[in-house]
Each structure stands twice: as structure tokens, then as C-alpha cells.
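Subject: Structure handover and findings

Dear colleague,

Please find below the sequence and the structure that I am handing over to you. A description of what was found follows directly after them.

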Amino acid sequence: MSFKALSMQRLLRTSPALKEEEVIVPSGENQQPSAQDTLTPEVEELRGQDQHQLQRDYRLTDYTVSQSLEEKHAFQELVKVMRMPCVTLSDHASSGVKKDITEENLSSGLSHQPCLKGETLLTFGEFLVAEYRKKGQLEFRKMFKLQHRMRLQSSWGVIPHEDVDGKPAGTFLKTNRGVSILIRRASLEDYVLYMKRGPAISYPKDAAALLMMMDITEGDCVLEAGSGSGAMSLFLSRAVGASGKVVSVEVREDHLKRAVLNYNRWRTSWELRRGHHGRITKFVHADLSTDPVLEGMGFHAVALDLIHPQLALSTVIPHLHSGAVVPSTLQSVW
Ligand SMILES: C[S@@+](CC[C@H](N)C(=O)[O-])C[C@H]1O[C@@H](n2cnc3c(N)ncnc32)[C@H](O)[C@@H]1O
């Protein structure tokens, strides 16, 4: 029982039950403060201190608002940097034309958002999502890879992929039947939910909980087993960043191939958008409960998504730093 539940129960036990006629309804300004509302001198004093502190903090805020000329200049510079034309990370696949998102090409298009550094226009090879909503209800959603001479087909009409190439992400495009379809980049969550699967994946909501439990961060070294379809490998790889490392062990070769394929597809799409992925994920074909594949490695955390996770513990534990967390999913099908 959590502390919250416990204290509530105590409260219920110790408070005399209120009868209906005893319920006090506030009745306007004439109402006298109850004994609970009357403050002791100590509380009054503390409140006074709080007020004082608040006023001081407020003065600090005032100070920020009434900036000196120098500060104003620094702030304007910052705004300029944030609205700078983006550095293009990928060239146009066919023509070699650079497709920076600049304010000019945004305002000549459909969107007027400020451009953020590092963002690029949609390009061939990326995974995108097409969505159509009618009165707020999702009628159609599809993930697709932007490819030459291909068409996005739907019951609401067709959009040639060539029309999508070079547009900013989050653009509405009309089908040949005049229906507006939202075209956006696939998030990692979209990708994992739509990618082809071998075994069942760690669902994004579960993966998010696991990441919190493991408390992994940029630069960590993490072990995962098994690789399965590669969903968790992608979430872990994003969490540890370019300075971290993920080792993913899988006993079945077909599953390993699927995981590597899914991982590489996402990486390619990401690189077209943002440049070098930089993540290190090492996929290993082995049985984690018997094979000594972890020699010389140490981990900040381990994610076990196996049928019998307990069998892998003796192999894994000697490679953990003290205090490392090993969450495990146990799937029971009844
Ligand atoms: C449920 S899937 C993992 C899915 C993965 N977390 C994902 O998000 O795509 C479980 C995988 O563990 C693998 N496996 C089971 N026992 C193993 C072991 N002892 N060593 C390595 N992999 C194992 C299975 O072959 C299977 O592919």
C-alpha cells in the first residue's frame, strides 16, 4: 500500500464522520474564520518571510524585463541564431539542389513557422506519415517511404511522391480528388508501430516506463536481450545518444536479421533528416543464458525481454556496475 493510500485511510478512521447537516457551506463575506484558518504568530512570521522572498524574486524578474541595451542586443542575436536558415544535411537525391528551410522558401510555400537549425525539407528516402482526419476523427493514417515515381494511394485520392519531396514537414497536400492530407515525418513511435515485425515488440508506452526505471542517460552503456524486432534497441539507442553504446543480444538468426534491418532503415531515414546518426548499437548473435559474449564489457543498465529472463541473470550480473537496474518484461498468456 502506498503512503498516500495509507494516510488517507488514517484520516478516514480518525475524523469523526460528518453528518449531512454538519456540512459547512461558506456563506459570503460575513463568514468568521474557523479555528483552522486562524494563523499562529509563527506561521504569520513564516508567511511574512515568504512574501519578502517573493518580492525579491519579483524584482529579479523586473530586472530581466527591463534589460540593458547590451542584454537586448544579446537577446536579438539569440533570436537571429534560432531563426537562421538551416544547414542542409542531405542534398537533393536527383538534382543535387540544396534544400535548406529558409524563411524565403517557407513563406513561398504553405508554412510560416520559424526555421530551426538542423531541420531540413522532406526528401526521398525518408519515412513519412500521411494522415486524414474528418471532424477530428482519424480516417486514414499510413507510414510510407518517400520514393521516386511512387504514389501515395488512399480512398481519398492519390498524391505523387514527387509532390511531397522538398516540402516542409507538417504540410497539407491535396490529393487528385481535392482532399487535404497531412504529410509529416514519422516519429520513432510511428516507425516502431508501423515497421515490419518478427516477434512482438516492446510497445512505446512500456519502453518509456522501462527507460524511466533504468534511468539511462546520454553516454550510458546498456545491454538488451533479445533484440526481437529491434524496437527497444531503437529506443535505447536514442536514449544513450551518440556518446553511449547499446549491445543487443539475440539467439535467433531470423529475429536478429529483422532487428538489424529495422534499425538500419530508421537510421538511414534519420540521417537524411539530421545528418550522421552517430549511435553505436552492436547486435550480437548468441544465447545470453549460456554464451560468454559479454567478456570485457560493463553496463549501466540491462533490459531483458526474454521468455525466461531469470536464466540470463547469472551471465549478466557480473557485468553490471553496482546499483544498475535490470527491468524485465514477463509475458503471461492465459
Ligand atoms: C519479445 S522478443 C523481444 C522484442 C524486443 N524487445 C523489441 O522491442 O523488438 C524476445 C526475443 O528474445 C529472444 N531470446 C529468447 N531467449 C534468448 C536468449 N537466451 N538469448 C538471446 N535472445 C533470446 C527471442 O528469440 C526473441 O526474439
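Strands S7 and S8 run parallel and are joined by five bridges; here helices (H or I, at least four residues) and strands (E, at least two) are DSSP runs, numbered from the N terminus. Please note that this is a predicted model, in which local features need pLDDT of at least 70 and side-chain atom pairs count only at pLDDT 80 or more, while totals for chains, interfaces and linings use all residues. Residues are numbered from 1 along each chain as its sequence is written.

The parallel sheet

S7 and S8 belong to an open sheet of five strands in the order S9-S8-S7-S10-S11, with parallel pairing; two strands pair if DSSP finds at least two bridges between them. Strand S9 (280–285) and strand S11 (320–325) are the edge strands, each pairing on one side only. From one strand to the next, the twist averages 25°; axes are lines fitted to C-alpha atoms, for helices over the stretch in contact, and angles run from 0 to 180 degrees between N-to-C directions.

Strand S7 comprises residues 221–225, and four of its five residues are buried, so S7 is largely enclosed by the rest of the structure. A residue is buried if 20 or more other C-beta atoms lie within 10 Å of its own, exposed if 12 or fewer, and partly exposed in between, with C-beta atoms placed from the backbone. Towards S8, Leu223 has Val247 as its bridge partner. The chain passes from S7 through H8 to S8 in a right-handed β-α-β crossover, right-handed meaning that, with the strands pointing away from the viewer, the path from the first strand over the helix to the second runs clockwise. S7 is also joined by four bridges to strand S10 (residues 299–304), and these two strands run parallel. Within S10, Val302 stands opposite Leu223, and Leu304 stands opposite Ala225.

Among the buried residues of H8 are Met232, Phe235 and Leu236. After H8 comes Gly241, with a positive phi near 70°. Helix H9 (residues 253–274) lies across S8 and S9 and runs at about 165° to S9.

The ligand shell

Which residues are closest to the ligand? They are Ser202, Gly226, Gly228, Ala231 and Leu288, out of 23 residues that surround the ligand; a residue is near a molecule or strand if its C-beta atom, placed from the backbone, lies within 6 Å of it. Helix H8 (231–240) and strand S8 (245–250) each supply at least two residues of this shell. The shell has 12 nonpolar, seven polar and four charged residues, where Ala, Val, Leu, Ile, Met, Phe, Trp, Tyr, Cys and Pro count as nonpolar, Asp, Glu, Lys and Arg as charged, and the others, Gly among them, as polar.

Two buried residues

Ser229 is found in the loop between S7 and H8 and counts as buried because it has 23 C-beta neighbours inside 10 Å. Not counting residues up to four places away in sequence, Ser229 touches Arg197, Gly198, Pro199, Ile201, Arg258, Ala259 and Asn262; two residues are in contact if their C-beta atoms, placed from the backbone, lie within 7 Å. Lys245, in strand S8, is also buried, with 21 other C-beta atoms within 10 Å. Lys245 touches Cys221, Val240 and Ile280, again not counting residues up to four places away in sequence. Lys245 and Phe299 are 54 residues apart in sequence, and their C-alpha atoms are 9.3 Å apart in space.

The antiparallel sheet

Another open sheet has four strands in the order S2-S1-S6-S5, and their pairing is antiparallel. Its edge strands are strand S2 (137–145) and strand S5 (171–174), each of which pairs on one side only. Neighbouring strands of this sheet are turned by 30° against each other on average, direction ignored. Four antiparallel bridges pair S5 with strand S6 (residues 180–185), and Thr171 has Ile183 in S6 as its bridge partner.

The chain as a whole

The chain has 10 helices and 11 strands, and 25% of its 334 residues count as buried. Of the contacts in the chain with a separation of 6 or more, 59% are between residues 24 or more positions apart.

Yours sincerely
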